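Let's take a walk through a protein together, starting with its aromatic rings and then moving on to its helices. Keep the picture open beside you as you read.

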Amino acid sequence: MQLYHHPYSLDSQKVRMALEEKGIDYTSYHVNPLTGKNMNVDFFRMNPSAKLPVFQNGAHVIYRAIDIIQYIDRLAVHLSGEIAPVNTEVHQWMQKVDAWNPKMFTLTHTPVKYRAFVSKFIRRVLIARMADAPDLASMYHVKLREAYETEDKVKDPDIMKQSEEELSKLLDEVESQLSRTKYLAGDEFSPADSMLIPILARITLLDLDDEYINCRPKILEYYNLVKLRPSYKIAIGKYFSGWKKYRTLFKTSFFLCVRTLFRKY
C-alpha cells in the first residue's frame with residue numbers, strides 16, 4: 001500500500017492519523033507542492049486533480065480523504081478477522097466534518113504577501129507544464145484560469161464570512177456532542193476524530209484558538225486529550241510545535257494555494 005501525501009496537507013493529516021490509529025503499514029511518498037511536484041506531468045497523468053493525498057492498494061486508487069479513511073477502516077476490520085458493528089454515528093460525523101471546506105478559510109487568513117508570492121509561482125509552473133506536455137495543455141490551462149478565479153474569491157468578504165459561519169456552526173455541534181461523549185462519536189476514538197483533529201490544528205496554526213477553540217471548553221479539553229495520542233504526534237504534532245509552527249504557516253499557505261488550483265469543480 002502506498003500513500004502519496006504531504007505533511008502540510010490537511011487531508012493528508014486526516015489519512016495519516018487514521019493509518020497510524022489502525023497500525024496499518026504503508027509506503028510513504030512525499031509529493032511536495034512547494035516545489036510543484038504535484039503538477040509534474042507523471043503525477044498529473046496518474047491523478048488529474050493533482051490533489052493530495054492519493055492512496056493506492058494494488059490496482060485500487062482512492063483520492064478523497066473520507067473515502068480513503070473509510071477504506072482503511074474496512075481494511076483494518078478485515079485484517080483483524082473480527083466482525084465490527086456498523087456505527088452510523090461515526091459515519092454521520094465524518095460526513096459533517098467533510099462538508100466543511102477549509103480551503104477558503106485558510107487562504108483568507110493567510111497574509112496577502114504570501115498569497116501573492118505563491119500565486120505568481122503557480123502561474124509560472126503551469127505555463128512551464130503546458131510546454132512539457134502539449135497533450136495536457138488544455139487541462140493545465142483550465143487550472144490557470146481557475147487560479148485567477150480563486151484570487152477573486154479570496155478578496156470577497158462574503159465568501160470569508162460564509163466559511164467562518166459554517167465552521168462556527170460545525171464547532172457548536174461538536175461542543176454539544178462532547179458534553180455527552182469523550183470523543184466525537186462516542187467514548188472510543190474513531191475515524192470521525194481523525195477527520196476533525198486536523199481542522200483544530202489548522203485553527204491553531206492560524207492563531208485563531210481564542211475565536212474558535214478556547215471559547216468552547218469541551219472542545220479545548222478534547223483537543224488537549226487527542227494531542228497526547230501517538231497518531232497526532234506523528235501526523236501533526238512534530239510540524240506544529242513551538243517555533244516550527246511559524247515555518248509551517250508559510251509552507252501551509254503555499255500548499256493551500258497550490259491545492260486550490262487542482263480542486264475538481
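In this predicted model, the count of aromatic pairs comes to 8. Let's begin with Tyr4 and Tyr29. Their ring centres are 5.1 Å apart and their planes meet at 15°. Planes under 30 degrees apart count as stacked, so this pair is a stacked one. Now look at where the two partners sit: Tyr4 belongs to strand 1 (residues 2-5), while Tyr29 belongs to strand 2 (residues 27-30). The pair therefore ties together parts that are 25 residues apart in sequence. Tyr4 is buried, with a relative accessible area of 17%, whereas Tyr29 is partly exposed, at 37%. Together with Phe43, Tyr4 and Tyr29 make up one aromatic cluster.

A second pair to find is Phe44 with Tyr140. These rings are stacked too, at 4.4 Å centre to centre and with 20° between the planes. Phe44 lies in helix 2 (residues 41-46) and Tyr140 in helix 7 (residues 137-154), so this pair links parts that are 96 residues apart in sequence. Both Phe44 and Tyr140 are buried.

Rings can also have a charge as a neighbour. Lys96 lies over the face of Trp93, 4.4 Å from the ring centre.

Next, follow helix 6 (residues 112-132). Its 21 residues reach 30 Å from the first C-alpha to the last, close to the 30 Å expected at 1.5 Å a residue. Which residues of helix 6 are buried? They are Arg115, Val118, Ser119, Ile122, Val125, Leu126, Arg129 and Met130.

Our last stop is helix 11 (residues 217-226), where Ile219, Tyr222, Tyr223 and Val226 are buried. Looking down the axis of helix 11, you would see its buried residues fall within an arc of 100°, so they line one face of the helix. What do the buried residues of helix 11 pack against? Their partners are helix 8 (157-178), helix 9 (191-205), helix 10 (209-212) and helix 12 (230-240). On the other side of helix 11, Pro217 and Glu221 are exposed.

How values were computed
Residues are numbered from 1 along each chain as its sequence is written. This is a predicted model: local features need pLDDT of at least 70, side-chain atom pairs count only at pLDDT 80 or more; totals for chains, interfaces and linings use all residues. Side-chain values use heavy atoms; hydrogens and water are left out. Rings of Phe, Tyr and Trp (its six-membered ring) pair if their centres lie within 6.5 Å; planes under 30 degrees apart count as stacked, over 60 as edge-to-face and the rest as tilted. Helices (H or I, at least four residues) and strands (E, at least two) are DSSP runs, numbered from the N terminus. Buried means under 20% relative accessible area, exposed over 50%, partly exposed in between (1.4 Å probe, protein chains only). A charge sits over a ring if NZ of Lys or CZ of Arg is within 6 Å of the ring centre and within 35 degrees of the ring normal. The expected span of a helix is 1.5 Å times one less than its number of residues. The arc is that of the directions from the helix axis to the C-beta atoms. Contact means heavy atoms within 4.5 Å.
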